[in-house]
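The sequence and the structure come first.

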Amino acid sequence: MEVEEHAAGQEGPVTCAAWIRRPENRLLVIKGRAGSGAVPPLLEIFSFDAKTSSLSPAPLAKFAIREEGGDPLGFAVHPSGDEIVCSTAKGCKLFELNSQDIDIRLLAKDLPPLQSVGPQKCLAFSTDGSKFATGGMDGHLRILQWPSLQVLLDEPRAHKSFRDMDISLDSEFLVSTSIDGSARVWKISDGVPLVSLTRTPDEKIECCRFSRDGMKPFLFCTVQKGGNVVTAVWDISTWNRIGYKRILRKPISVLSVSLDGKYLALGSHDGDICVVEVKKMAICHWSKKLHLGARITSIEFCPTESMTRNSALVESPQNKYYLKASIN
């Protein structure tokens with residue numbers, strides 16, 4: 001049900017957010033808010049002004065999740081911009097976004113295979129929108145055909161608990177990392193594990209992202225060894241590690257790649273973000289102590305080619321969001 005108003009009281013903190021790229025080239029942002037007192041958990045849709053790199057002062061639409069354990073934990077937005085999957089403590093919820101001119105509505109839809117699977121740490125659509133994957137806090141990996149929801153892979157013991165996950169540009173592979181430092185690659189079409197990335201006993205592979213520039217495909221992972229942190233590169237034709245570089249020189253909490261594959265962004269546990277030009281593997285922007293130095297929990301580049309270098313949506317546990325302009 002869509003709501004225009006809710007019980008009086010203070011709205012809860014923002015818990016997650018994501019970009020929405022609409023077919024009409026309109027950019028929106030969805031935020032999730034935890035419940036607070038009499039106010040239920042909320043989903044809010046905002047418009048984005050590219051000229052000022054800012055959100056609309058008030059949401060264009062709201063949706064109340066009126067159930068226990070309904071606080072939003074994360075989003076995955078379908079590349080079409082028409083569907084949004086939201087993770088909660090109970091499982092996943094599917095929403096359809098309908099818009100006509102300035103009228104925007106979120107409509108709840110059934111998602112039977114995922115409605116009662118518990119909290120999911122990782123959610124991801126493939127670039128072409130034909131696959132959807134979830135990685136649970138319980139270590140369970142699920143990959144579904146979209147929109148048929150046909151199960152391609154169902155592995156209850158993929159990991160101890162998911163740390164990060166990504167799908168390759170051609171939708172052929174999925175990479176996942178665990179809180180214990182291990183990393184595995186999965187062949188999506190066959191629904192089977194393909195390889196475990198090699199590491200030494202004192203290394204932890206943490207964040208992972210495939211390259212997206214359409215050239216020779218690589219896999220980027222952040223690797224922690226003692227007090228040292230590097231960004232390592234794997235050749236996905238052999239799954240051999242072919243190089244590494246120390247970039248942020250501090251523990252990394254999140255890794256992101258721009259839609260055109262030209263840039264990486266890294267966030268740290270003390271609120272720093274840096275943007276790296278992939279071709280040179282050199283820092284082209286560095287912002288320090290965002291969100292009062294809190295841990296950066298997510299970074300997402302703006303999903304339009306003209307804005308990729310200019311805006312990123314950054315999240316911290318303090319539930320504040322930072323739209324960074326002029327990254328170069």
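Over the ring of which residue does the charged end of K31 sit? The ring is that of F46, and the charged end of K31 is 4.9 Å from its centre. The model is predicted, and the points below are grouped by topic.

**Charges over rings**

- K31 places its charged end over the ring of F46, at 4.9 Å from the ring centre.
- A second case involves K288, whose charged end sits over the ring of W286, 5.0 Å from the centre of that ring.

**Aromatic pair W19 and F48**

- Six aromatic pairs are found when the whole structure is searched.
- One of them is edge-to-face because the ring planes of W19 and F48 stand at 85 degrees, where over 60 is required; the ring centres are 4.8 Å apart.
- This pair links distant parts of the chain, with W19 in strand 1 (residues 14-21) and F48 in strand 3 (residues 42-49), 29 residues apart.
- W19 has a relative accessibility of 2% and therefore counts as buried, the cut-off being under 20%.
- F48 is also buried, at a relative accessible area of 10%.

**Aromatic pair F125 and W146**

- The ring centres of F125 and W146 are 5.0 Å apart and the planes meet at 90 degrees, so this pair is edge-to-face.
- F125 belongs to strand 10 (residues 120-125), while W146 is in the loop between strand 12 (141-145) and strand 13 (151-155); the pair therefore ties together parts that are 21 residues apart in sequence.
- Both F125 and W146 are buried.
- Together with F132, the residues F125 and W146 form one aromatic cluster.

- Four strands make up an open sheet in the order 14-15-16-17, and their pairing is antiparallel.
- Strand 14 (162-167) and strand 17 (192-196) are at the edges; each has a single partner strand, so one side of each has no neighbour in the sheet.
- From one strand to the next, the twist averages 25 degrees.
- Five bridges join strand 14 to strand 15 (residues 173-178) in the antiparallel sense.
- D164 has T177, in strand 15, as its bridge partner.
- In general, strands of a sheet pair through backbone hydrogen bonds, in either a parallel or an antiparallel manner.

Conventions
Residues are numbered from 1 along each chain as its sequence is written. This is a predicted model: local features need pLDDT of at least 70, side-chain atom pairs count only at pLDDT 80 or more; totals for chains, interfaces and linings use all residues. Side-chain values use heavy atoms; hydrogens and water are left out. Rings of Phe, Tyr and Trp (its six-membered ring) pair if their centres lie within 6.5 Å; planes under 30 degrees apart count as stacked, over 60 as edge-to-face and the rest as tilted. Helices (H or I, at least four residues) and strands (E, at least two) are DSSP runs, numbered from the N terminus. Buried means under 20% relative accessible area, exposed over 50%, partly exposed in between (1.4 Å probe, protein chains only). A charge sits over a ring if NZ of Lys or CZ of Arg is within 6 Å of the ring centre and within 35 degrees of the ring normal. Two strands pair if DSSP finds at least two bridges between them. Axes are lines fitted to C-alpha atoms, for helices over the stretch in contact, and angles run from 0 to 180 degrees between N-to-C directions.
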